[in-house]
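Please study the structure shown here before reading the questions and answers.

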Amino acid sequence: MEAGHVTVVMNGAKCGCGQNGCAESYFSARGFLNRYKDKTGVALESAAAFFLLVEKGEPEATQVLQFGINALAELIRNLTHTVNPEKIILVGGLTKSIDLFGKQLELQVREIIFPVFRNYIKIEIGSTLAGTLGAAALSFPH
């Protein structure tokens, strides 16, 4: 399931899909770079540069990451309450930096989802192939 384009911030930031407030606008490499530029006026060249600032404790980068975690937690909450999955599997390049956001994301999700799901749902990291397969699945006939 491609869930990055679910609205998590009403009237939020413009997404690459053309809509506003998508989770991807806040929690993706492009989202982090765009939100950081919105906040500081500085255009970073890569997600690696962004995460380096986070590792150094740079306040604006840390705030952008925190808001992104909030947005992703809301997306996971919405998915959990709607589809009741046993697992949420995160894929993509950002999972390489899971040590900078993973524990906080999981704690936040467990805090905001219905109590019955807190011990039920698992949040895991998938392989890089998982994202490719998901993208390919979008082209299959229904």
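This is a predicted model: local features need pLDDT of at least 70, side-chain atom pairs count only at pLDDT 80 or more; totals for chains, interfaces and linings use all residues.

Q: Where does Thr-7 lie relative to helix H1?
A: Helix H1 covers residues 29–40. Thr-7 is found in the segment before helix H1.

Q: Is Thr-7 buried, partly exposed or exposed?
A: A residue is buried under 20% relative accessible area and exposed over 50%. The relative accessibility of Thr-7 is 37%, so Thr-7 counts as partly exposed.

Q: How far apart in space are the C-alpha atoms of Thr-7 and Gly-21?
A: In sequence, Thr-7 and Gly-21 are 14 residues apart. Thr-7 is also in contact with Gly-21, as well as with Asn-20 and Cys-22, when neighbours within four places in sequence are left aside. From C-alpha to C-alpha, the separation of Thr-7 and Gly-21 in space is 5.1 Å.

Q: Which helices do the buried residues of H1 pack against?
A: The buried residues in H1 are Gly-31, Phe-32, Leu-33, Arg-35 and Tyr-36. Their packing partners are helix H2 (47–55) and helix H3 (59–83).

Q: Which residue with a positive phi follows H1?
A: The phi of this residue is near 80°. The residue that follows H1 is Gly-41.

Q: Which residue has its backbone oxygen 2.6 Å from a polar atom of the side chain of Arg-35?
A: Not counting residues up to four places away in sequence, Arg-35 touches Ala-13, Lys-14, Ser-25, Tyr-26 and Val-64. The backbone oxygen that lies 2.6 Å from a polar side-chain atom of Arg-35 belongs to Ser-25.

Q: Which residue forms a salt bridge with Arg-35?
A: The structure holds four salt bridges. In the one that involves Arg-35, the closest N and O atoms are 2.9 Å apart. The partner of Arg-35 is Asp-38.

Q: Why are Asp-38 and Arg-35 separated by about one helical turn?
A: An α-helix has 3.6 residues a turn, so residues three or four places apart point the same way. Asp-38 and Arg-35 are three residues apart in helix H1, which means that their separation is about one helical turn.

Q: Is Asp-38 buried or exposed?
A: The cut-off for an exposed residue is over 50% relative accessible area. Asp-38 has a relative accessibility of 58%, so Asp-38 counts as exposed.

Q: What separates the closest N and O atoms in the salt bridge of Glu-74 with Arg-77?
A: Both residues lie in helix H3, three residues apart, about one turn of the helix. Glu-74 is partly exposed at 28% relative accessibility, and Arg-77 is partly exposed at 27%. The closest N and O atoms of this salt bridge are separated by 3.6 Å.

Q: Which residue forms a salt bridge with Arg-110?
A: The closest N and O atoms of this pair are 2.8 Å apart. The partner of Arg-110 is Glu-106.

Definitions and conventions. Residues are numbered from 1 along each chain as its sequence is written. Side-chain values use heavy atoms; hydrogens and water are left out. Helices (H or I, at least four residues) and strands (E, at least two) are DSSP runs, numbered from the N terminus. Buried means under 20% relative accessible area, exposed over 50%, partly exposed in between (1.4 Å probe, protein chains only). Contact means heavy atoms within 4.5 Å. A polar contact is a pair of N or O atoms within 3.5 Å; within protein, one must be able to donate a hydrogen and the other to accept it, and residues adjacent in sequence count only if both atoms are side-chain atoms. A salt bridge is a side-chain nitrogen of Lys or Arg within 4 Å of a carboxyl oxygen of Asp or Glu.
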